[in-house]
Amino acid sequence: MDTILYMLRDPNVQWVLLGTVLLGIASGVLGSFALLRKQSLLGDAMAHAALPGICIAFLIYGAKSMSLFMIGAAISGLIGTYCIQAVIKHSRIKEDTAIGLVLSVFFGAGIVLLTYVQHHGKGNQAGLDSFIFGQAAAIVGVDVQIISTIALALIFITFLLFKELKLITFDPQFAQGLGMPVKWLNGLLMTLIVGAVVIGLQAVGVILMAAMLITPAITARYWTERLDHMVVLAGLVGAISGVIGTLLSTLSRGMPTGPLIIMAATICFIFSLLFGTKKGLVPRAIKQMKVKNQITCENVLSSLYELSEESLLHTEGKSMGSFSLESVLDLRPTHTLVLRKVLKELRQKKLIFIEDNGFIGLTEKGLKHAHGIVLKNRLMDMYLMFESKFPESNWREGSMDLLNGPKEIVEELRSLLKDFGKDPIAYPLYEAKCKRNSAGLQSILKGSAGPL
């Protein structure tokens, strides 16, 4: 910690840190829109297309100038973007092919110009090739001021027009119907992304700039489904990656800052991929396991209920009995390991009882619970068989819990169940039996109370 605090006193480290943090925020914010518009590779094409502009700016000026390099890179990047759109519009070539074509052509032209500058250029061309892989250590105070100004302007414009950019991202036809200048807004968004690419070329380089745009955005996507939250999280991830990459580069002495920033962002992405609350692999696996256990619980209870129905019918409503595990599995096969876990859970909830011989049966509480499950399943079967008879309703778009649907539809489905002989009978028979027994006990008690 003391070493880090000592390094932070160095003005050069402070400049680089400030530049990479602002670059990370701007890249994360604008990369979110590029990701959601399915234009992830467009940032890569813009970065590669910027190289010829940098070389041409050097040939014109004859010396290294950050401001002129950015202007040249921005013009070249916008031309590359226009070329991609023109190829898509005026030919049968698809977007991914057009991006790959323009990227290759512009980057090839940039390498040719870079080679020419290094061998025949006049003036000081030292450090010009650092734009390919980035060299954050070469950033000076003036460069950081330019990067900071552009980054803050990009962030301000994005949040100022956030609603408009959000609308053209998700529903451009609706935005056009509202009278919004969709083409102008699309062009502005592309210009903002080009701006983010341009300010990152010095720190991250042409090759890795696409990762700087997309990695923070895709990392944030695993934690939220709201665009405003995603934009903030992506900017935060970009800033954290910039800080970690800069500090590691300073500590290691000789390691490039740009690749370390991308590695830090990649580690954040891997963590989000595993543990993200919305789309992470671990939460998804846990959710799937819970759903699987719930389905298995319902299958076991349904099987026991159906076996109880048969037992009550054969014994004329006198006994439900208990059943072997094999008979339960015959109705609805289940993996043995999952079944053991589910049986233990159902027993703890007092929905089933397990005898010493391994036979299982439904408790009174379990019978009532299983009756609701079987009734809903059979109502759904009836609904699917006669779906054309029922009108469209809002309840169909929800959980499809037919018991909570319109009363007239539920009643009609219940009558269809009775007509087909599918109405659940186990719990009603058991309830009637309990009432009869209770009535008989009450009459006995009343009869014996007189003589006393």
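User: Why is Glu 345 called partly exposed?

Analyst: This is a predicted model, and in it Glu 345 has a relative accessibility of 26%. Buried means under 20% and exposed means over 50%, with partly exposed in between. The value for Glu 345 falls in between, so Glu 345 counts as partly exposed.

User: What makes Glu 345 and Lys 349 a salt bridge?

Analyst: Their closest N and O atoms are 3.2 Å apart. A salt bridge needs a side-chain nitrogen of Lys or Arg within 4 Å of a carboxyl oxygen of Asp or Glu, so the pair qualifies. Lys 349 has a relative accessible area of 44% and is therefore partly exposed as well.

User: How many salt bridges are there by this rule?

Analyst: The count is five. One of them joins Glu 306 to Arg 332, with 2.9 Å between the closest N and O atoms.

User: Why is the pair Glu 306 and Arg 332 said to tie parts together?

Analyst: Glu 306 belongs to helix α14, whereas Arg 332 is in the loop between α15 (325-331) and α16 (336-348); the parts tied together are therefore 26 residues apart in sequence. Arg 332 has 25% relative accessibility, so the label for Arg 332 is partly exposed.

User: What makes Glu 309 and Arg 378 a link between distant parts of the chain?

Analyst: The two side chains form a salt bridge at 3.0 Å, N to O. Glu 309 is in helix α14 and Arg 378 in helix α17 (residues 364-385), 69 residues apart. Both residues are buried, which means that each has under 20% relative accessible area.

User: Which residues make the nonpolar surface patch?

Analyst: Ile 270, Phe 271, Leu 274, Phe 275, Leu 281, Val 282 and Ile 286 make a patch of about 580 Å². Helix α13 (257-275) and helix α14 (281-314) each supply at least two of its residues. The largest share, four residues, comes from α13.

User: Which residues have the most contacts inside the largest nonpolar core?

Analyst: They are Ile 193, Val 197, Ile 199, Leu 201 and Met 209, in a core of 75 residues. Helix α10 (residues 182-200) gives the most to this core, with 12 residues. A second, separate core has 21 residues, including Cys 297 and Phe 323.

Terms used: Residues are numbered from 1 along each chain as its sequence is written. This is a predicted model: local features need pLDDT of at least 70, side-chain atom pairs count only at pLDDT 80 or more; totals for chains, interfaces and linings use all residues. Side-chain values use heavy atoms; hydrogens and water are left out. Patches are made of residues with over 30% relative accessible area and no salt bridge: like charges are joined within 9 Å, nonpolar side chains (Val, Leu, Ile, Met, Phe, Trp, Tyr) within 5 Å. Accessible areas come from the Shrake-Rupley method with a 1.4 Å probe; for residues, only the protein chains shown count as cover. A nonpolar core is a set of buried Ala, Val, Leu, Ile, Met, Phe, Trp, Tyr and Cys residues joined through side-chain atoms within 4.5 Å. Buried means under 20% relative accessible area, exposed over 50%, partly exposed in between (1.4 Å probe, protein chains only).
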